[in-house]
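Dear colleague,

Please find below the structure that I am handing over to you. My notes on what was found in it follow directly after it.

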Amino acid sequence: MSIEHLILRVVIKIMFAPILLFALYVQFHGDYGPGGGFQAGVIFAVGFILHALIMGLDETKRVMPIGVLKWLMVIGFLFYAGTGVATMLLGGNLLGYDAIDPASTHHAGQHWGILLVEFGVGMAVASTMMMIFYHFAGREPEIRDEDW
Amino acid sequence: MTGAEIANAGLLIDLSLLTMLVLVAYVMVRSRQLFAIVMLSGIYSLLSAAFFVSLDAVDVAFTEAAVGAGVSTVLMLGAMLLTTRREKPIIAGRSPVAMLVAVLVGAALIYATLDMPAFGDAASPANSYMGEVYVERTAKEIAVPNIVTAVLASYRGFDTLGETMVIFTAGLGVILLLGAGSARGGREVSDVEDEDAKS
C-alpha cells in the first residue's frame, strides 16, 4: 500500500491545503456570499475524508485523532449555545446579538454574533462528519483493491 | 442576447438538467450494482445542485453539492463496504394494486402542481408574508449582505441551534451504533465472553 495509487496520492497532497483554505473562506464569508458554517464544516471534513481515502485511515487518525474530534463535537455545539447564553448575560435575549455591541450604529453586534455562531456550527459539523466517517470506515481496515 | 433568448436558454438548461435527473433516477432504480447506485446518487446530487443554481438558490446548491454529492456519497460507500456489493435479486412480478397506487399518487401530484404559483411570481406565498418581511428588514436590522445567512443565524438562530443539536445527536447515534471498539483503534469485539473481556 506504500506506493500504490501514486497519482491519487500526489493529487490529494496538492489539493488538501486548498480544500481547507476554501472551507475557511466559506466559513468566514458566510454573511457576504453563499455558504456558512454547515457548508464550511462539510468541506473541511471532506478534505480529511479524501486524505483518509487515499492515505489510509490510520494516517488520518494521526493527523486528526478521534479523541480530539470527540471534544470538538461538544465544544462546537457548546460554542453556539454559549454565544446565546453570553448575549443573555449581557442583558439581551437568547441569541439576541445586538446585546454584544449595543452602541453600534451598523449592527456590529449582529456581525459578531453571526460569526461566532457560524464558527460553532462549522466546528460541530466538521467534527461530526469526520467522526461518522471514522466509524463507518473503521469497521474494515482497508478498501480492497478489487473494489476500486 | 435579448431577454427572450436568455429566458429560452434558461428553459433549455432547466429541461436538460431535469431530463438527466429522471434518467439517472431510472438507472438507479434498474441497477443492482450497489457501487454504481452510490456513484449515481452522487451524480444525482450534483445535477440537483446545478438545477438549484439555475433557480438562483446558491446556498441550497452549495449545501447539496457539499453534503449530497460529497459526504453522503462517501458515507454510502463506507456503509456499502460493510455489506454486500450487489442487491439481492428480486422476483419481478406484476402487481396491479401497486401500479394503481403509483398512478393515483402521480396523478394527484401532477394535479396539485396546477395550483402552484408561477416560477418567480412575486405574489406567491413564499415571496409574500414572512419572506418579504425578511427581505425588507435585513438591511436595516442585521446589515448583512446575504439574507439567507441573516435568516439562518440571526432571525432563526434558535432553529439553527436545534439543527446543530440534531447533527451532534446523529454523530452520537453513529458512535453508539458502530462505535463498540472502533473508537479505540479498531479493537476486535467478540460476542463470546472470555476471561480477557471480563477483566
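Helix α2 of chain B covers residues 34-54, and its 21 residues span 30 Å from the first C-alpha to the last, close to the 30 Å expected at 1.5 Å a residue; the expected span is 1.5 Å times one less than the number of residues. Helices here are DSSP runs of H or I with at least four residues, strands are runs of E with at least two, and both are numbered from the N terminus. The buried residues of α2(B) are Y44(B), S45(B), L47(B), S48(B) and A49(B). A residue is called buried if 20 or more other C-beta atoms lie within 10 Å of its own, exposed if 12 or fewer do, and partly exposed in between, with C-beta atoms placed from the backbone. Among the elements that cover these buried residues are α1 (3-30) and α3 of chain B.

This is a predicted model, in which local features need pLDDT of at least 70 and side-chain atom pairs count only at pLDDT 80 or more, while totals for chains, interfaces and linings use all residues. Residues are numbered from 1 along each chain as its sequence is written, and chains are lettered from A and ligands numbered from 1 in the order in which they are written.

Two residues of chain B deserve a note on their backbone. D56(B), found in the loop between α2 and α3 of chain B, has a positive phi near 70° although the residue is not glycine. D56(B) counts as exposed because it has 9 C-beta neighbours inside 10 Å. Y129(B), in helix α5 of chain B, has a positive phi near 50°, and with 9 C-beta neighbours inside 10 Å it counts as exposed. Most residues other than glycine have a negative phi.

T138(B) also lies in helix α5 of chain B, which comprises residues 129-141. T138(B) counts as buried because it has 21 C-beta neighbours inside 10 Å. Leaving out residues up to four places away in sequence, T138(B) touches V144(B), I147(B) and A150(B); contact means that the C-beta atoms of two residues, placed from the backbone, lie within 7 Å. The C-alpha atoms of T138(B) and V148(B), 10 residues apart along the chain, are 9.7 Å from each other.

As to the chain as a whole, chain B has eight helices and zero strands, and 19% of its 199 residues count as buried. Chain B is divided into domain 1 (8-87) and domain 2 (122-183), with bounds from an automatic or database domain assignment. The C-alpha centres of these two domains lie 23 Å apart.

The contact between the chains takes 40 residues from chain B and 48 residues from chain A. On the side of chain B, α3, α6 and α7 each supply at least two residues.

Finally, the largest nonpolar core has 57 residues, and V42(A), A45(A), M129(A), M130(A) and F133(A) have the most contacts inside it. Such a core is a set of buried Ala, Val, Leu, Ile, Met, Phe, Trp, Tyr and Cys residues joined through C-beta atoms within 7 Å. α5(A) gives the most to this core, with 17 residues. Domain 1 and domain 2 of chain B both give residues to this core, so it lies between them. Beyond its neighbours within four places in sequence, M129(A) is in contact with G41(A), V42(A), A45(A) and V71(B).

With kind regards
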